[in-house]
Amino acid sequence: MDYLGQQLINGLTLGGVYALIALGYTLVYGVLQILNFAHGDVYMIGAFLGFFAMTWLGGPLAPTVPVALMLLVMFLIAMMGTGLLGIVIERFAYRPLRNSTRIAPLISALGVSILLQNGALLIFSPSIRSYDTSSYIPSTLGFSVGELTIDSVRLGVLVLSAVLMILLTKWVNGTQVGRAMRAIAYDKDAAVMMGIDVDRVIRWTFFVGAALAGAAGVMNGLLLRGVSSGMGLIPGLKGFTAAVIGGIGSVPGAMLGGLLLGVIESLAQGYLSTNFADTITFILLITFMLFRPNGILGRPMMVKV
Amino acid sequence: MSNLGIGTDEWVAQHEERLASQSPLKKLFARIPLWAKWGSFFLIAFLFGMLSDNQYLLRVGVNLALFIMLSYGLNIVVGYAGILDLGYVAFYGFGAYGYALLSSEQLGQHWPTYVTVPFITILTAILGYLISLPSRRLFGDYLAIVTLFFGQVFVQLVLASDNITFPWADDYVDITAGSNGIPGLDTFNLFGYIFDDIKDYYWLLMVIVLVLTVAIHRVSATRIGRAWRTVREDALVSEVMGVSVKRVKTLAFVAGATIAGFAGTIFAGMQTSVFINGFDLPLMVMIYAAIILGGSGSLAGALIGAIIMTILPELLRVPNYGAILFFVALLLTFFVLSKKFSRFLIYVVSIILIGFAFQLAMKAIGVTQANAEDWVVGFTGDLLKNWLFVPENRILWGNFAFILLLSLIAFFSIAKPIWKHVLLPFIGFTAIFLWEVRLIADVSTTRQLIIGAMLVVLMILRPQGLFGQTRVEIL
Amino acid sequence: MKLFSKLSAIVASSALALTGLVAIATPAKAADCTGTVAIMAPLTGGVAFIGKEQSGFAQVAIADVNAKNGSKIEFKEYDTQLDAAQAATQAPNIVANKSVIGVVGPAGSQEVLAVGGLFGANDIAVVSPSATRTNLTAGTYPSFFRPIPNDGLQGPGNARYMVQTLKAKEVAVIEEKTAYGTGLAKEFLAEMKKLKVKATNFAVNEKNADYAAVVTRISKTADFVFVTFQDAAKSQQVAQELIKQKKKAVVFGSDGSDQPTFKTPGTYVSGFAPDVSGLAVAASAVAAYKAKTGATSITTFGPPAYVAAQVIAEAAVRACAAGKTGDRATVLAEIKKTKIKKTILGGPLEFTATGDVKGGRFYIFQTQKDGSRKSIG
């Protein structure tokens, strides 16, 4: 039981990170019906920004401000930075293609992805950066119930991703921009006729989606892996996967999809062969998609009559 | 006229007008008969094969031919039938690994080529059929992700199958050699003729590409070809019109898979080794870029796209070619943006003046200059070395220029026309500075940056691809 | 238009004249020692950190050799993205470049398998700074060398040290599924079997996101976790995760983990050099590399590339002295005679007949409380 609990905790934290990335895909898909394949690289830039914010505040070994403040600044800078990057990407790579085929933005997104990756390689140098979390947050700090342990970083990531998801839900449901976004997702032409400034809403969508990816990038640095220019590919893919199994375009779906993916990965590694864990994960996902072809919460595809 | 939505009645009504307003060059190109265009390509390929003995160029030619096969295949799946198959490259890998396992010491099998290749190709076709079965339930992006999963299952399975353990056995079983890959494969041996030279593969592939080109061209004009396109345009209507959508889609899927599997066996024989990381997402992405760049649904587009995505990255390995491309693109951009030749000259002169001003300013504030021999790469550096001030700390200044350039371009896109004229020379200078200070010295990264920029720019300029037709799209 | 074309013609012709003048002003000296060292490495893509560092260090080495001997040896980069097919495409390109006298790289063992034969047939020396698979020096590739010891030494060596000196009773292995990680883990496991110590293997994908699930799976009674990552940040994460989950096992990293980011006190790591970053001989090379590329830290992939390039460049200089400037076969023969008293890795370097380091060995370090490394064996 403890073992299962521990693996569930592992899976949920990982899933929280996936969910934040998935939200970016799903938000953009909701308003524009395009797959933003540069999203994983936005996540990478977020991780770098968080790292540089940390170095700016004295670095992991000698922070010049209290650790909590440093973490706050890291998240804020990363989220603001990636949010702005999201707006810029939309302006240059997607807006010119808004009325073209659906497949063209896929390739311009790919171009942006190559540009971001290699731009980062050029400017940030190829060294893998480590957040070195254990220097300022001791690994022994945490809670344990019986055999079950959860350390403070993992708990923090879990809580923060939950908070961000709640805030996002409130934003989508409660604010004017959020409502406009849903209106556009439902019927773009009607939304335009109702006087909704589509450009503005799309800018906001990209900002919010990218900022969430930025936060996920910092979480990755704090908890999971080192930061390098090529780190975005796989999390980007996982985020995309999570968004689709959740039902692309659905905000709660992306959250559920992310968590589900994280838990499946953890359990596959924890109970079955680690060697075949990825194979098993993908086969499970295929099976799932066959039984629910539109994801967990996806609407069936509209068929024109 | 340009602000009409594609597909609206007015747009359709202006079809003739648009044809009439085409540039003379385009009309001339349209007048060249089809066989002559294709013939010239194959003639060049033939002459090259006859005349060249350069192993490297021949190998690039072989790579190109394999890539053309892959883009032809994917073009049937995506371009004709409209199925977004993100696991396509797994069929290529399956073909290659299939050949490898039956022609190496890995399993101790050495089947004759004339058996292995057809056998594996047919096996790939069957695999394609099996995978298309569950995929029938799915549409659009959901189908895309399931095919992506299938592709990943293949990669992960090959990676993991070097270490299969059974509860009853003490030792593990190694089938695919995992990340180690399988080296030392037999090269092709067709009835005693051993393919021991890259040129043998070159000729073989040339014939295959020629046959495929003719075959696909013929098929696309038949009932099946028309059915594919109607399904792509509107599955519902074609179903109503009596086309069996499922059958037509399956056929396209299987045809694509078969071509990829066949290409895979040839690749394995030519390379005489297989490694799984060659059949993963990066290749997938390149094939997609090729067919969409060329124009999805167009055979010529798939060919041109394959040529661009194979030849350009090789050309860009040479700094001078990269430099030519960069400066020509820069001048062309300025030429197009300036609209008038006199204005273009003013821009160029201003850039030159900014260069001298920059030199004075840097010397005035006492920045150390780098030695020319430290930064000059290729002929452009030689030409510019007395004009361009290159600071000693090239990394720092290069990074600064990189960020400045991006900000200037971003600012340019939202600036008022007057400001645009002021900004342009500065953008030009920053770009040249960045190029000489940082980019040209780092060919490999720059190569990728150029490819990325090219994809974005080409898509924006021509969303339908080079040979694609603007189509009415139904969501 | 006319004015412009005239202007450009004038500019072009004067530029030509200028270069002509320069060429006349400096007549070629007979003693000039030239040649190109090709660098094959993953310079872009997912593991660009490996290739960029190898290339940077190789360039520093060539500059050092040139400065010392007054030679004019150049370098040229060939990006392979760690892909055997790309390496195999570039190999004939390198062979066709008549000025190439030797190759630093390719980085991966699988790439060596794909290109070693062609280079051998053309007498081009291949000195790989990171291809450690044992069977590469079985004699199949007559022109292949490596300045670092192979997996066959490291895997069993580490296993024996763990069991005989550290008295391990039970170990877990995290095998990263790369050409590097798999080979090494297999050698390690085979030795553990011989020593009759229980070793559980967890093969994990290179792109694995989170190691927590694997750590949860590691037995509470395991004494050590042997990891074969190429990126030390992962070893650090496994070590921290073990602490977080209150497991007693201690991480023992292979040479891929011998980087400053892996710094949990009490952990072990094996390295092919007495200590790269601390050595006085290495300090200037490391500083030059950082200044050249703007890198902030170094891994274990760079310094061997320095040695690899040094070996080729020095052999080329000796070939020049023998009057055989740029002759591939002579350079290859000279590389076989390589005798360096102290490389930047801290030890002497000579090659065996098959291209391995003579008397190569691994050193084992333990990380101290302040994060520094202490050599213990």
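L123(B) sits in helix α7 of chain B, which covers residues 113-135. The model is predicted. Is L123(B) buried or exposed, or does it fall in between? Its relative accessible area is 31%. Buried would mean under 20%, and exposed over 50%. L123(B) is therefore partly exposed.

L123(B) also belongs to a nonpolar surface patch of about 1,000 Å².

Now step back to chain B as a whole. Its secondary structure comprises 21 helices and six strands. The C-alpha atoms occupy a box of roughly 80 × 65 × 50 Å along the principal axes. Chain B has 475 residues, and 51% of them are buried. Take the contacts in chain B with a separation of 6 or more: 72% of them join residues 24 or more positions apart.

Next comes the surface. The accessible area of chain B is about 22,100 Å². Carbon and sulfur atoms account for 70% of it. Charge is also present in chain B, with 30 positive and 28 negative side chains. The centres of these two sets are 15 Å apart.

S235(C) lies in helix α8, residues 232-244 of that chain. Its relative accessibility is 0%, so S235(C) counts as buried. What does S235(C) touch, leaving out residues up to four places away in sequence? The contacts are V227(C), F229(C), V251(C), S257(C) and F262(C).

Methods
Residues numbered from 1 in each chain as written. Chains lettered and ligands numbered in written order. Heavy atoms only, no water. Helix = DSSP H or I, 4+ residues; strand = E, 2+ residues; numbered from the N terminus. Buried < 20%, exposed > 50% of the residue type's maximum accessible area, 1.4 Å probe, protein only. Contact = heavy atoms within 4.5 Å. Areas by Shrake-Rupley, 256 points an atom, 1.4 Å probe, with all protein chains shown as cover. Lys, Arg positive; Asp, Glu negative; His and termini not counted. Charge placed at Lys NZ, Arg CZ, Asp CG, Glu CD. Patch = residues over 30% accessible without salt bridge, like charges linked within 9 Å, V, L, I, M, F, W, Y side chains within 5 Å. Salt bridge = Lys/Arg side-chain N within 4 Å of Asp/Glu carboxyl O.
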